[in-house]
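Reader: I would like to go through this model and ask what each label rests on. Please set the values against the criteria.

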Amino acid sequence: MSNFTFSRSEARVREAATIVPGGVNSNFRLGVAPTPLVFERGEGPYLHDIDGNRLIDYYLALGPMILGHSPADVIAAAHGQLDKGLLYGGQSELEYEAAHRVSAMVPCAERVRFAGSGSEAVQLALRLARAVTERLTVIKFEGHYHGWLDSVLWSNGTPFDQVGPEESPTKYRASAGQDPATGENLEVLSWNQEEQIVSRIAKGDVAAVIMEATMCNSGGIFAKPGYLEAVRDACTKHGTILIFDEVITGFRVGPGGAQKRLGVTPDLATFAKAMANGFTVAAVAGRAEIMDQLSSGHIMHGGTYNAQPVAMAAAIATMDRLVQSETFEAMERNGTRLMNGIAEAFAEAGLPATVTGYPQIFTVALGLTEPAENYRGLAKVDRAAYRHFTAALLGNGVRALERGAWFLCTEHTEDVVDETLAAVRKTLADIGP
Ligand code: PLP
């Protein structure tokens with residue numbers, strides 16, 4: 001049934017577990033079926049693993065590789081910097097140039113600070129919000145993921161039998177070892193419930209509301225019409241800082257991120273992933289009035305590797321490509337073709353499924369007949385069956401995330417999409433009803 005085998009990866013990960021716990025360096029890489037893979041190289045839309053397989057890659061490292069693997073212009077920019085030094089412990093023109101690029105694209109970005117990872121960018125945004133408002137309470141939403149740090153790793157994937165009432169969702173501690181005290185000033189609400197968030201903000205004690213403006217981590221779920229605007233208005237009225245976590249949507253759903261595409265401007269936004277096509281770059285961007293408080297020295301932001309020059313050179317090259325109109329036009333066209341093709345294939349196979357999100361990042365929710373409105377709406381997704389599907393799809397040469405997300409890059413051309421759709425159909429035929 002399966003054309004591809006993964007026995008060398010399987011053996012290597014098992015052996016490596018004697019030195020690297022689980023054989024992986026992020027828990028998101030654990031438990032992948034049929035096995036976590038070991039790769040040798042990536043080029044364009046493809047990854048090559050140690051079993052000699054060439055796989056069409058829709059993981060894209062969970063988002064960063066928007067220009068595909070090893071794009072010549074980004075690699076050349078990074079090479080160009082390699083001989084000039086790796087870290088200065090001081091400034092370079094590159095980071096100023098990169099900041100100007102972000103500011104030119106992103107509506108909220110009057111000021112930009114670079115950071116080491118998406119999790120760190122979230123930490124900075126929340127610290128800034130608490131400092132400038134002199135308030136402590138932060139609101140996040142069920143099913144939204146903002147990184148793995150103790151302060152925000154709450155209720156991102158609450159088991160559906162433990163979510164509690166919709167009016168007051170369970171604040172679910174997602175990891176053993178996570179300090180429970182870090183959740184004291186964090187409140188969790190249901191997303192897309194306008195009345196709930198607006199009345200909570202109106203109490204006047206909320207420092208910040210943080211959200212994925214389109215929910216990409218748990219499922220491809222859009223805000224209801226008027227919801228983001230209502231949250232924006234309530235935040236403005238009551239002195240609360242609105243933070244859009246654009247670590248996935250930033251530079252992926254359009255050069256200006258979700259905020260530009262959706263027409264709602266937050267006070268602060270966090271970025272990472274697609275900004276530098278695989279180099280470690282993250283950023284907080286936001287209103288000058290808030291961000292400039294960082295220069296007072298009273299609000300701490302550190303990071304040895306912040307604005308690392310090689311990564312900055314790569315970020316500039318990546319952003320230069322993303323502002324070219326044909327970059328996004330092609331991804332919109334090919335991503336839409338892929339979304340529609342997958343929806344048709346599942347329908348023809350007699351499997352109910354929704355395919356929702358943007359052409360550059362969408363989610364297949366097997367078992368749903370209507371798009372979900374928030375995290376709770378995903379309770380009926382048949383995760384086991386979808387996992388079975390992605391494991392079989394891998395056997396047909398296509399690597400897609402088991403949680404349902406598909407990331408697109410510029411190298412997923414019409415031909416690659418068609419090859420993918422053929423593999424999807426073959427997989428559905430292989431596994432049967
Ligand atoms: N915020 C969102 C929306 C994310 O999707 C992620 C990572 O997937 C993060 C924050 C954390 O970013 P990082 O993994 O770079 O720490």
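Reader: How do you know that the radius of gyration agrees with a compact globule?
Author: The model is predicted. The rule is 2.2 Å times the number of residues to the power 0.38, and for 433 residues a compact globule would come near 22 Å; the protein has 21 Å, so the two agree. Along its principal axes the C-alpha trace spans about 60 × 55 × 45 Å.

Reader: What share of the residues is buried, and what makes a residue count as buried?
Author: A residue is buried if 20 or more other C-beta atoms lie within 10 Å of its own. Buried residues make up 49% of the 433 residues.

Reader: What makes strand 4 and strand 10 a pair?
Author: A pair needs at least two bridges; strand 4 and strand 10 (residues 282-286) have five, in the antiparallel sense, so they are paired. One of the bridges sets V112 against A285 in strand 10.

Reader: Why are strand 4 and strand 6 said to stand at the edges?
Author: Both belong to an open sheet of seven strands in the order 4-10-9-8-7-5-6, with mixed pairing. Strand 4 (111-115) and strand 6 (186-189) each have a single partner strand, so one side of each is left without a neighbour in the sheet. The twist in this sheet averages 20° from one strand to the next.

Reader: Which helices touch this sheet?
Author: Helix 3 (residues 93-105) lies across strand 4 and strand 10, at about 125° to strand 4. Helix 4 also packs on the sheet, and the strands touched by helix 4 include strand 5 (137-141), strand 7 (206-211) and strand 8 (241-245). The direction of helix 4 makes about 165° with that of strand 9 (268-271).

Reader: How do you know that strand 11 and strand 12 are paired?
Author: Six bridges join strand 11 to strand 12 (residues 361-366), against a requirement of at least two, so the pair qualifies. T354 has A365 in strand 12 as its bridge partner. The two strands belong to an open, antiparallel sheet of three strands in the order 11-12-14. Helix 10 (residues 325-348) lies across strand 11 and strand 12, running at about 175° to strand 11.

Reader: Which part of the chain gives the largest share of the shell around the ligand?
Author: Helix 4 (residues 118-133) does, with three residues. The shell has 14 residues, and S117, G118, S119, G147 and V247 come nearest.

Reader: How many residues of that shell are nonpolar, polar and charged?
Author: Six are nonpolar, six polar and two charged, with Gly counted among the polar residues.

Definitions and conventions
Residues are numbered from 1 along each chain as its sequence is written. This is a predicted model: local features need pLDDT of at least 70, side-chain atom pairs count only at pLDDT 80 or more; totals for chains, interfaces and linings use all residues. Helices (H or I, at least four residues) and strands (E, at least two) are DSSP runs, numbered from the N terminus. Two residues are in contact if their C-beta atoms, placed from the backbone, lie within 7 Å. Axes are lines fitted to C-alpha atoms, for helices over the stretch in contact, and angles run from 0 to 180 degrees between N-to-C directions. A residue is near a molecule or strand if its C-beta atom, placed from the backbone, lies within 6 Å of it. A residue is buried if 20 or more other C-beta atoms lie within 10 Å of its own, exposed if 12 or fewer, and partly exposed in between; C-beta atoms are placed from the backbone.
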